[in-house]
Amino acid sequence: MKILVQKFGGTSVSSEEKREKAVSKVMEAVKNGYNVVVVVSAMGRNGDPYATDTLINMAKSIYSDIPKRELDLIMNCGEIISSVLFAATLSNKGYKAKALTGGQAGIITDDNFGNAEVINVDPSRILEVLREGIIPVVAGFQGITQKGELTTLGRGGSDTTAALLGVALKAEAVEIYTDVDGIMTADPRIVSTAHVIDKISYNEVFQFAEQGAKVVHPRAVEIAMRGNIPLIIKNTMSDSGGTIITNYSDAYDSIYEVDKLVTGIANMNNRVQITIESTENVQDIFEKIGEEKISIDLINIFPDKQVFTISEADFEKLRRLFEKYGVKYSYRTNCAKVSIIGNRIRGVPGVMARVIKALSKRNIEIYQTADSHNTISCLVSQDKVEEAIRVLHDEFSL
Ligand code: ADP
Ligand code: ASP
Ligand code: MG
């Protein structure tokens with residue numbers, strides 16, 4: 001069976017008109033002989049009636065400390081509503097379609113509400129539906145525990161659902177439809193001259209996603225990479241070819257034509273830089289931070305202090321933890337991380353120097369840096385991050 005997974009993000013299903021466009025992509029694939037499995041996100045963005053953030057705010061407006069289990073229940077509603085309407089739109093066009101929840105689609109998770117781990121994907125129900133000539137429309141971003149509790153897979157997790165199903169169904173490809181023409185050299189909302197990257201490796205996209213470019217979820221990239229299923233990022237509103245994500249050699253059969261050192265720029269906002277001003281029990285402190293599931297980044301260990309960053313969303317939790325254990329610390333809020341990404345950065349001397357020089361020339365102060373094989377990141381002030389992205393986009397001629 002030739003299977004294609006098509007996932008439509010929140011903005012692609014936010015109105016009847018947009019849903020019609022999305023449905024036309026499904027119809028086209030069916031005409032091309034594919035058995036299509038649709039995955040949908042909740043409709044629209046914050047403020048739209050059934051968007052995930054709207055549902056969260058609605059619940060929290062009544063009880064700010066709402067249990068994670070209940071929050072997952074209300075979040076599940078967004079994708080379920082969306083899947084029913086998408087299936088109804090397909091039916092209107094004369095196609096047989098059936099809406100399925102994540103659980104009905106066979107996605108079994110643990111009970112880590114809000115960010116559940118997938119334990120198993122059983123594609124048998126979807127295959128059964130496909131064999132009956134019906135298009136399954138799966139509610140993304142959700143799963144079910146073995147005990148029947150509804151869970152979610154982490155924000156942006158409909159991409160994860162699509163990749164999981166693509167691998168489990170041995171699909172020809174997973175297409176992620178969104179509101180931009182593909183993976184671009186930077187967020188087009190920030191850099192007007194950003195352009196689409198036609199082909200890119202899983203590895204680089206993973207770095208993009210990890211460093212904050214939310215165009216695709218890093219977990220989805222990882223799953224597709226392990227299952228060796230091509231991921232294609234496309235625009236629901238256009239017919240452009242999009243970005244094809246495959247392994248490195250496929251992405252660059254003509255690697256020597258790729259003369260760019262840097263593939264793109266990503267940013268992560270709302271970071272807080274923490275400095276621990278003590279050297280005692282450092283290991284214990286980091287262990288406690290881990291136990292609290294606070295994710296840390298840009299970690300620099302010095303003989304007399306430790307510096308790292310966290311998300312602003314975790315700051316309260318960290319403060320409480322440090323108070324409890326009497327940890328002496330200072331902090332800097334309103335920070336953002338800007339990262340350049342490129343598989344070819346590795347082994348090329350002087351790239352960090354170029355980054356520092358370009359930012360300093362524009363008086364953008366760098367609070368901290370970090371580098372890996374294929375990324376260089378700088379922590380800057382939140383109000384300078386957009387300028388920093390544009391400066392680096394120019395510096396590396398993207
Ligand atoms: P969806 O609702 O379809 O899942 P998202 O909002 O999660 O859409 O992701 C699409 C958005 O990602 C775009 O509107 C764009 O602003 C943003 N984005 C950030 N970095 C990039 C990038 N490098 N390339 C393309 N889009 C990017
Ligand atoms: N609706 C969910 C979110 O906003 C999942 C997704 O859109 O991928 O996080
Ligand atoms: Mg998304």
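**Close-up views of a predicted model**

**View 1. The contact surface between domain 1 and domain 2.** In this predicted model, 17 residues of domain 1 are in contact (heavy atoms within 4.5 Å) with 19 residues of domain 2. Domain 1 covers 3–251 and domain 2 covers 264–396, with bounds that come from an automatic or database domain assignment. The area buried between the two domains, that is, the accessible area (1.4 Å probe) lost on putting them together, summed over both, is about 1500 Å², and carbon and sulfur atoms give 56% of it.

**View 2. Polar contacts between domain 1 and domain 2.** Seven residue pairs, both at pLDDT 80 or more, are in polar contact between the domains; such a contact is a pair of N or O atoms within 3.5 Å, and within protein one must be able to donate a hydrogen and the other to accept it, while residues adjacent in sequence count only if both atoms are side-chain atoms.

**View 3. Polar atoms around ligand 1.** An oxygen atom of ligand 1 lies 2.6 Å from an N or O atom in the side chain of Arg189, and a nitrogen atom of the ligand is 2.9 Å from a polar backbone atom of Met184. For Gly10, a polar backbone atom is 3.2 Å from an oxygen atom of ligand 1.

**Notes.** Residues are numbered from 1 along each chain as its sequence is written, and chains are lettered from A and ligands numbered from 1 in the order in which they are written. Local features need pLDDT of at least 70, side-chain atom pairs count only at pLDDT 80 or more, totals for chains, interfaces and linings use all residues, and side-chain values use heavy atoms, with hydrogens and water left out.
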